Amino acid sequence: MYEFRMPSLGADMEAGILSKWLVQPGDRVKRGDVVAIIETEKSDIEVEIFASGQVEKILVEKGQKVPVGTLLATLATNGEAAAAPAPAPKPVAAPPPPPTPVPVATPAPPPPPAAGLRSSPAARKRARELGIDLAAVTGSGPSGAVTLADVEEAVPAHQHVHPVARNMAAELGIDLSKVTGTGIGGAVTKADVEAAVRPAALEEPVAPRDRAAAMRRAIAAAMARSKREIPHYYLATEIDMSRALAWLAEENRRRSVEERILPAALLLKAVACALREVPGLNGFWVDGAFQPSAAVHLGVAISLRGGGLIAPAIHDAGRKSLGELMADLRGLVQRTRAGSLRSSEVSDPTITVTNLGDQGVETVFGVIYPPQVALVGLGTIVERPWAKDGMLAARPVLTATLSADHRASDGHRGATFLAALDRLLQAPEKLP
């Protein structure tokens with residue numbers, strides 16, 4: 001038996017509103033499937049499940065606000081789920097009720113093989129929602145099984161709708177076919193639905209909430225706790241970015257416009273690699289002790305259009321190529337502002353990076369986001385006089401800062417990290 005509980009989607013979260021269930025009792029799910037939408041003070045989050053099996057009971061109805069840790073649903077694991085229903089043949093047939101064990105071969109469907117159409121539970125559910133005929137979808141899964149990705153691929157671009165946007169449209173009576181999507185691939189986002197609502201409809205929402213103000217309160221509470229409980233120390237260094245920017249310009253000349261890399265991605269890559277050299281800054285302070293993380297999950301501070309910010313994670317950033325990091329960063333920013341983040345992206349950053357370079361800020365000293373033990377601040381790259389080998393010249397210079405928890409590290413370790421960051425940026429072509 002697996003217990004699915006209200007997850008903690010950040011240290012500043014005490015409770016969340018169960019906005020929507022994407023599964024029902026009897027549905028089969030696998031690890032990583034999105035099963036619910038949780039509304040927090042910062043954003044609507046797509047929550048994944050971390051077990052495979054069959055949904056037994058749903059214990060909290062949509063619209064309820066419940067504390068973190070509350071039992072939301074129970075799941076029978078694969079072994080239990082197989083014993084609960086009456087024995088059924090191994091191949092998965094499309095509809096659940098199996099009155100008699102007859103082979104799947106009825107006169108109606110012509111081309112599919114006699115063994116029946118194989119598809120994942122998530123794919124079948126999504127196909128029902130979108131009115132997609134699974135027989136017309138080419139499967140890319142094992143033995144030609146139709147996956148969720150195959151169903152999404154089969155949907156015309158104008159029909160892609162984020163779950164939160166679909167839920168809001170249903171509540172407000174908005175016809176999604178008349179909404180122009182601005183998300184990835186023309187997907188309809190929550191912001192698109194809000195823009196389509198006439199002022200008259202906005203005057204009478206179901207439950208008006210000033211999310212921007214609520215987010216400010218949540219951020220203030222987390223930062224107040226951080227400054228109260230964490231003994232911060234601060235370090236800063238100036239980094240000559242001449243070689244890094246020259247190498248990046250040359251690298252981008254070899255890439256198409258869509259594949260070009262921004263300096264922000266190069267900086268994130270260097271931060272991740274420096275943390276692999278100095279792992280004492282990458283992890284969590286829990287129960288009075290530092291717990292290092294084997295992987296570097298970089299939390300990237302992203303400002304929201306309505307005010308406030310959120311810092312979802314780019315997972316395993318140290319092992320990704322620059323191209324992969326750039327694609328992840330671009331997608332993360334788009335999905336954050338569209339309100340379609342996943343719970344895994346907001347619950348496990350091992351360190352946060354805040355980059356205010358695009359705002360013209362030269363130096364930023366951030367406040368650590370508990371239970372993390374460090375935060376890296378990056379400013380804008382400015383031209384400054386720089387003396388080297390007895391020569392004075394104007395060089396592009398970046399100010400990098402570190403805010404760190406004195407319980408987990410000290411100034412020497414923090415300085416070692418900043419020195420590693422500088423050294424890595426002097427040889428960007430060697431970044432793994």
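This report describes a predicted model of a protein, from its overall make-up to a few individual residues.

## Basis and confidence

Residues carry numbers that start from 1 along each chain as its sequence is written, and in this predicted model local features need pLDDT of at least 70, side-chain atom pairs count only at pLDDT 80 or more, and totals for chains, interfaces and linings use all residues. Side-chain values rest on heavy atoms, with hydrogens and water left out.

The mean pLDDT (the predictor's confidence in each residue, from 0 to 100) is 81 for the protein, and 77% of its residues reach 70 or more. Over residues 81–96 the pLDDT is below 50, and this stretch has 13 contacts in the model beyond near neighbours in sequence, a contact being heavy atoms within 4.5 Å. The pLDDT is also below 50 over residues 198–209, a stretch with 5 contacts in the model beyond near neighbours in sequence.

## Overall make-up

The protein has 12 helices and 20 strands; these are DSSP runs numbered from the N terminus, with helices (H or I) of at least four residues and strands (E) of at least two. Of its 432 residues, 45% count as buried, where buried means under 20% relative accessible area, exposed means over 50%, and partly exposed lies in between (1.4 Å probe, protein chains only).

Among the contacts with a separation of 6 or more, 64% involve residues 24 or more positions apart.

An open sheet of 4 strands runs in the order 1-8-6-3 with antiparallel pairing, and two strands are taken to pair if DSSP finds at least two bridges between them. Its edge strands are strand 1 (2–5) and strand 3 (28–29), each of which pairs on one side only. Strands of a sheet pair through backbone hydrogen bonds, either parallel or antiparallel.

Strand 3 meets strand 6 (residues 53–58) in the antiparallel sense over 2 bridges; Val-29 has Gly-53 of strand 6 as its bridge partner, while Arg-28 stands opposite Gln-54 in strand 6. Strand 6 in turn pairs with strand 8 (residues 71–77), again in the antiparallel sense, over 5 bridges, and here the bridge partner of Ile-58 is Ala-73 in strand 8.

Helix 9 (residues 263–277) has 15 residues and reaches 21 Å from its first C-alpha to its last, which is close to the 21 Å expected at 1.5 Å a residue, the expected span being 1.5 Å times one less than the number of residues. This helix is mostly covered, with 11 of its 15 residues buried; among them are Leu-266, Lys-269, Val-271 and Cys-273.

Leu-245 belongs to helix 8 (residues 242–253) and is partly exposed, with a relative accessible area of 26%. Leaving aside residues up to four places away in sequence, Leu-245 touches Pro-263, Ile-381 and Pro-396. The C-alpha atoms of Leu-245 and Pro-263 are separated by 7.5 Å, although the two residues are 18 residues apart along the chain.

## An aromatic pair and a cis peptide bond

A search of the whole structure finds 2 aromatic pairs; rings of Phe, Tyr and Trp (its six-membered ring) pair if their centres lie within 6.5 Å, and planes under 30 degrees apart count as stacked, over 60 as edge-to-face and the rest as tilted. The rings of Tyr-234 and Phe-365 have centres 5.9 Å apart and planes at 85 degrees, so this pair is edge-to-face. It links distant parts of the chain, with Tyr-234 in strand 9 (residues 232–240) and Phe-365, 131 residues apart from it, in the loop between strand 17 (351–355) and strand 18 (374–378). Tyr-234 counts as partly exposed at 35% relative accessibility, as does Phe-365 at 43%.

The loop between strand 17 and strand 18 also holds Pro-371, which is joined to Pro-370 by a cis peptide bond with omega of about 5 degrees.

## Loops with positive phi

Asp-287 has phi near 55 degrees, a positive value in a residue other than glycine, and its place is in the loop between strand 10 and strand 11. With 79% relative accessibility, Asp-287 counts as exposed. Gly-288 is found in the loop between strand 10 (283–286) and strand 11 (289–292), and Gly-288 is exposed at 56% relative accessible area.

Asp-389, in the loop between strand 19 (382–388) and strand 20 (391–405), likewise has a positive phi near 55 degrees and is exposed, with a relative accessible area of 73%.
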